[in-house]
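Hi there,

Here's the structure I promised to pass on. Have a look at it first, then read my notes below with the 3D view open next to you.

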Amino acid sequence: MATKKARMTDQGPAPGYAVLDGQIVPFDDARVHILTHTFNYGTGVFEGIRGYWNDRRDELFIVRFNEHIERLVANCRVLMLDPGHSVDEITDLCLDLVRKNEFRQDIYLRPIVYCPALRVGPGMSDEHALAVYNIPMGHYHDPSRALDVMISTWRRTDDNAIPARGKINGAYVNSSLAITEAHRAGFDDAILLNPDGHVSEGSVMNLCIVRGGVLITPPVTANILEGITRADVMGLAVSELGLRVVEREIDRTELYYADEVFFCGTGAKILGVGSVDRRVIGEGGVGPVTRKLQKLYDAIVHGEDDRYGDWLTPVYAG
Ligand SMILES: Cc1ncc(COP(=O)(O)O)c(C=O)c1O
């Protein structure tokens with residue numbers, strides 16, 4: 001039977017090319033076998049990277065490229081995966097792919113280090129490979145609207161179960177359960193608690209609250225992904241907004257008392273939360289600190305704030 005050619009992804013036109021086994025191939029040839037170990041057991045690590053198109057500068061800017069690839073390679077340690085390439089080689093390969101796809105719109109880039117072995121049984125073999133895809137991508141949620149979220153009945157996986165820090169493919173079943181539950185219950189998204197009952201993060205994004213002029217976020221030991229955007233937001237809060245930033249445990253009910261709650265992440269960007277468990281947060285809209293951070297972040301990632309030019313890798317001029 002002839003296989004159908006992908007003309008579209010759920011995010012827009014299908015790209016021309018992807019990377020499979022470390023080689024650039026036509027997008028429709030980037031397929032894996034049904035027996036592939038990672039398809040069966042989730043034994044891979046991945047990254048989610050965004051690029052933003054700037055019409056005025058006629059350029060596509062990839063955000064925090066090096067930090068993402070460094071995290072990918074670091075995360076390989078958890079599963080004892082060998083990415084088979086250095087950080088620079090993976091970066092160059094990803095950049096070659098993005099250039100070849102010639103998108104002139106906002107994009108998403110996903111490198112995955114995975115186990116290609118056709119092998120039954122969860123034990124991993126020593127065979128590891130690199131795949132990358134690059135597709136157009138718009139907003140994850142509309143950033144102008146404050147989200148209605150619930151505390152998930154699903155707990156974030158513990159570091160000694162499946163470490164959230166590792167950005168492990170199989171770990172995202174935890175996020176899928178939380179998002180799907182929230183959608184079916186009529187919410188926009190979910191916040192997950194740790195096994196000990198404290199706040200960890202959103203389904204696929206980190207979480208911050210603003211209370212009494214202080215920005216508070218759970219520490220990296222709270223079963224969170226050590227978010228690149230989280231670190232940037234903490235930096236901007238101090239340097240641009242003059243806020244005090246504190247990393248500490250957050251109780252569930254502190255969310256109800258917060259002046260603002262917001263999510264941050266590469267995919268999500270910065271998103272205000274208007275209610276948690278149907279309790280209105282602050283005025284119920286996107287709060288003033290969240291709005292300021294959204295504006296700053298948006299300008300930076302679109303290449304409109306030269307002070308933060310070092311966050312960006314230009315795709316076509318470079
Ligand atoms: C579970 C989870 N937490 C947080 C984040 C945010 O991390 P980053 O800002 O590095 O994209 C992500 C990914 O985007 C995620 O999947």
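Let's begin with valine 113, which counts as buried because its relative accessibility is 0%, and the cut-off for buried is under 20%. One thing to keep in mind as you read: this is a predicted model.

So where does valine 113 sit? You'll find it in strand E8. Leaving out residues up to four places away in sequence, valine 113 touches Gly44, Val45, Leu72, Cys76, Leu81, Asp82, Pro83, Ala129 and Leu130.

Next, the core. The largest nonpolar core is made of 29 residues, and Val45, Ile62, Phe65 and Leu109 have the most contacts inside it. Which elements supply at least two residues each to this core? They are the strands E6 (49-54), E7 (59-63), E8 (107-114) and E9 (129-136), along with the helices H2 (65-79) and H3 (87-101). H3 gives the most, with 7 residues.

Now for the ligand. There are 15 residues around it, and the ones that come nearest are Arg71, Tyr172, Glu201, Thr229 and Thr266.

- Arginine 71: an N or O atom of its side chain is 2.7 Å from an oxygen atom of the ligand.
- Glutamate 201: an N or O atom of its side chain is 2.6 Å from a nitrogen atom of the ligand.
- Threonine 229: an N or O atom of its side chain is 2.6 Å from an oxygen atom of the ligand.

On its own the ligand would expose 380 Å², and the protein buries 96% of that.

Last stop: serine 203. It lies in the loop between strand E12 (199-202) and strand E13 (206-211). Is serine 203 buried or exposed? It counts as buried, because its relative accessibility is 1%. Beyond residues up to four places away in sequence, serine 203 touches Arg156, Ser175, Ile179, Asp189, Ala190 and Leu192.

Conventions. Residues numbered from 1 in each chain as written. Predicted model: local features only at pLDDT ≥ 70, side-chain atom pairs only at ≥ 80, totals over all residues. Heavy atoms only, no water. Helix = DSSP H or I, 4+ residues; strand = E, 2+ residues; numbered from the N terminus. Buried < 20%, exposed > 50% of the residue type's maximum accessible area, 1.4 Å probe, protein only. Contact = heavy atoms within 4.5 Å. Core = buried A, V, L, I, M, F, W, Y, C linked by side-chain atoms within 4.5 Å. Near = heavy atom within 4 Å. Polar contact = N/O pair within 3.5 Å; in protein donor to acceptor, adjacent residues only side chain to side chain. Areas by Shrake-Rupley, 256 points an atom, 1.4 Å probe, with all protein chains shown as cover.
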